[in-house]
Amino acid sequence: MSTQRLGDWLSEAPFSLAMSSGFFGFFAHAGVLAALDESKLQPKRLSGSSAGALVSVAYAAGLAPTDLIEALQSLKREDFWDPGRFYGVTQGGLLRGERFHRKVEALLPVKSFDACTKPVAVSAFEVPRRRTIVIEEGELASAVVASCAVPGLFRPVRREGHLLLDGGILDRPGLAGMPTNERVLFHHLASKSPWRNDKSMRLPKRDGLTSLVVESLPRPGPNALDRGLLAMRLAREACLRALDQHVTHSREEGSVVRLSAG
């Protein structure tokens, strides 16, 4: 075992960043990414599910954290709210997802995975086979929209022959696309969702992984986007504090930095 400041651990060698699913948790993820960028700590590889996929892809595509924050600050409900008829299990969902797709396309500086400045992988849930698939090639926006397709809120996304839903269904940490030999900072979005079981909420354990958990962040949603701006600010401040925290690293289980928001 070894103990050192989180900031020192991140700076001593290249690291990767993984970000979990968590509904509108992309606000908090953006805050953490901004704190790392301010501290000149830039991940070399990224992965994520759902909210984590959105922020991971935006950064890997070349969008600066400050530009991502500006885009989120101006986000309005009508930017993604496009209700349609509910068609049943395979095509059901309150929102068609077309506005969200256009919003993501406009946000991203590049259109494909191979044009990204850093390697990135996102997780999605393949509906017919009930399994997680990792997307790391092809068109970016459709991969993000598929990974963010929360069941019941968005319709499943058809992409390259697959019918896909939210990557957090089976891969909440968003680590399926992260090589096992990476040194990883994992931003875990704490959730109180009643449909999540204890297993899905457990922190992943593996050698070289440090989990960052910020407790009690505001919970934004389609009708509470202002909470997202507060969550973003609090997550940024918590991450900056976390960099000064001492963490103990152990083989196989990794380490955890847990702070309270505010």
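The legends below describe close-up views of a predicted model.

**Figure 1. Overview of the chain, with eight helices and 11 strands.** The radius of gyration is 17 Å, close to the 18 Å that the globule rule gives for 262 residues, so the chain is as compact as a globular protein of that length. The C-alpha trace spans about 55 × 40 × 35 Å along its principal axes. Of the 262 residues, 56% count as buried. The chain exposes about 12,000 Å², and carbon and sulfur atoms supply 49% of that area. Among contacts between residues at least 6 apart in sequence, 73% join residues at least 24 apart.

**Figure 2. Helix α6, residues 140-147, a mostly covered helix.** Eight of the eight residues of α6 are buried. They are L140, A141, S142, A143, V144, V145, A146 and S147. At the start of the helix, a side-chain oxygen of E139 comes to within 3.4 Å of the backbone nitrogen of A141.

**Figure 3. K118, a buried lysine without a salt bridge.** K118 belongs to the loop between α5 (98-107) and β4 (120-126). The nearest side chain of opposite charge is that of D37, at 8.3 Å. The side chain of K118 instead reaches a backbone atom, the oxygen of P43, at 3.1 Å. Leaving out residues up to four places away in sequence, K118 touches Q42, P43, K44, L46, Y59 and A60.

**Figure 4. P43, a buried proline in the loop between α2 (26-38) and β3 (45-49).** The relative accessibility of P43 is 0%, so the residue counts as buried. Beyond its neighbours within four places in sequence, P43 is in contact with F15, S16, L17, Y59 and K118. P43 and S11 are 32 residues apart in sequence, and their C-alpha atoms are 10.0 Å apart in space.

Figure 5. The closest N and O atoms of R183 and E12 are 3.5 Å apart, and the two residues form a salt bridge. This pair links distant parts of the chain: R183 is in the loop between β7 and β8 (184-188), whereas E12 is in the loop between α1 (6-11) and β2 (16-19), 171 residues apart. R183 counts as buried, at 18% relative accessibility. E182 forms a salt bridge with K44, with an N to O distance of 2.8 Å. E182 lies in the loop between β7 and β8 and K44 in the loop between α2 and β3, so this pair ties together parts that are 138 residues apart in sequence. E182 is buried, with a relative accessible area of 10%, whereas K44 is partly exposed at 34%.

**Figure 6. Further salt bridges, from a total of 12 in the whole structure.** The side chains of E98 and R96 meet at 3.6 Å, N to O. E98 is partly exposed, with a relative accessible area of 43%, and R96 is also partly exposed, at 35%. Elsewhere, salt bridges link R5, D8 and D244 in a network.

**Figure 7. R130 and E160, two residues with positive phi.** Most residues other than glycine have a negative phi. Phi of R130 is near 50 degrees, and that of E160 is about 50 degrees. R130 is found in the loop between β4 and β5 (131-135), and E160 in the loop between β6 (157-159) and β7 (162-166). R130 is exposed, with a relative accessible area of 63%. E160 counts as exposed too, at 56%.

**Figure 8. G254, a buried glycine in the loop between β10 (246-249) and β11 (255-260).** The relative accessible area of G254 is 10%. G254 and L209 are 45 residues apart along the chain, yet their C-alpha atoms are separated by 4.8 Å. Not counting residues up to four places away in sequence, G254 touches R206, L209, T248 and H249.

Note on methods
Residues numbered from 1 in each chain as written. Predicted model: local features only at pLDDT ≥ 70, side-chain atom pairs only at ≥ 80, totals over all residues. Heavy atoms only, no water. Buried < 20%, exposed > 50% of the residue type's maximum accessible area, 1.4 Å probe, protein only. Helix = DSSP H or I, 4+ residues; strand = E, 2+ residues; numbered from the N terminus. Polar contact = N/O pair within 3.5 Å; in protein donor to acceptor, adjacent residues only side chain to side chain. Lys, Arg positive; Asp, Glu negative; His and termini not counted. Salt bridge = Lys/Arg side-chain N within 4 Å of Asp/Glu carboxyl O. Contact = heavy atoms within 4.5 Å. Rg over C-alpha atoms; globule rule 2.2 N^0.38 Å. Areas by Shrake-Rupley, 256 points an atom, 1.4 Å probe, with all protein chains shown as cover.
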